[in-house]
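Reader: I have a sequence and a model on my screen and would like to walk through them with you. Could we take it strand by strand?

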Amino acid sequence: MASSKGNPMATFVLVHGAWFGGWCWQKVIPFLEAAGHAVYAPTLTGLAERASELSPEVGLDTHIQDVVGLLEEKNLNGVILVGHSYGGMVITGVVDQAPERIAHLVYLDTFVPRDGESMTNISRIVNWILRKQTRDGWRVNPLGTYGVTAEPDRSWVLSKLTPQSLKTFQQPLHLKNPAIVSAKQRTHITCTAGGCFRSLMRRIFARRALPPGAGWRLRQLRTGHMAMILMPRELADLLLEDV
C-alpha cells in the first residue's frame, strides 16, 4: 500500500506521556492514516483504560515492555517511534531492546535520556512536583490540563487523565547500548508557545532542551506541550516528513 507521497506505507507507533493514554493521539491518527500509513497508539500499563492495572510495581521497565511487546506481537518493523514528554524515556528503552525494528526516533517536546537516568534525577523541580502530587506513598496524581485551556478539549483531557505509579518516574533507564539513539535516524520537535505549563516544562528541561550530538533533524511547533491536541494537523505534517 502506498502513501500519498508514493512511498511505501510506514508504521508509526505513538507513545504518550505521563498520566495520559493512547487516547491523546486521536486527532493526529486520522492525518497519518489518510496518508496511507499504519498507526498504533498503545496505552501504557496502569493508565487510561488500563487504570485497573495500576500498582506500586508498575515502573519504567513495565512501560518499555508494553511497547516492545506490541512490536513483537504485531511483528512491526521499520517503525517510526514517537515519544512525547515522559514517552521519551520509554522509546529510548524500546529502541535499545528492539533496535532492529526501529527505523526512526521522534522525541516530541522532551529531553533525550542517557543511560542510568530517571525522570527524578533530571530536575529538582520534578522531585518537588512528585512530592506534592503523590498519594498513598506511590500514586502520583495528574497536574491539571497541561496547557490545554480551550473547551471542549480542556474538559476532555480532565475526564481522561489518571494517576501514575511513582516507580515509573524513579526507575532509571538501563541501556545495553548507550549509543543506540545516535545509531538511528532521529528527530527532535520542540513546542515553543508560551503559557504557564510550557514555562514549567522549559524550567524542568532547561539544561537538556536540545538533544546532544550531531545528526538530529530539529523542528519546532509554535504551540503548547500537548501538540497532538492543540495542533494535530501541523504535528502530523512534521511526522510525515520522516516517511
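Reader: How many of the residues of strand β8 are buried?

Author: Happy to start there, with the note that this is a predicted model, where local features need pLDDT of at least 70, side-chain atom pairs count only at pLDDT 80 or more, and totals for chains, interfaces and linings use all residues. Residues are numbered from 1 along each chain as its sequence is written, and side-chain values use heavy atoms, with hydrogens and water left out. Strands are DSSP runs of E with at least two residues, helices are runs of H or I with at least four, and both are numbered from the N terminus. Buried means under 20% relative accessible area, exposed over 50% and partly exposed in between (1.4 Å probe, protein chains only), and for β8, residues 185-191, the count is 6 of 7.

Reader: Which strand is joined to β8 by 6 bridges?

Author: Two strands pair if DSSP finds at least two bridges between them. Strand β4 (residues 102-108) runs parallel to β8 with 5 bridges, and H104 stands opposite Q185 there. The parallel partner with 6 bridges is β9.

Reader: Which residue of β9 stands opposite T187?

Author: Strand β9 covers residues 216-221. The residue facing T187 is R217.

Reader: Is R217 buried or exposed?

Author: Contact means heavy atoms within 4.5 Å, and beyond four places in sequence R217 touches R186, T187, H188, L238, E241 and D242. Its side chain also joins that of D242 in a polar contact of 2.2 Å, that is, a pair of N or O atoms within 3.5 Å; within protein, one must be able to donate a hydrogen and the other to accept it, and residues adjacent in sequence count only if both atoms are side-chain atoms. Because its relative accessibility is 19%, R217 counts as buried.

Reader: What side chain does the side chain of D109 contact at 2.6 Å?

Author: D109 sits in the loop between β4 and α4 (124-133), and is buried at 4% relative accessible area. Its side chain reaches the backbone nitrogen of C191 at 2.9 Å. The side-chain partner at 2.6 Å is H225.
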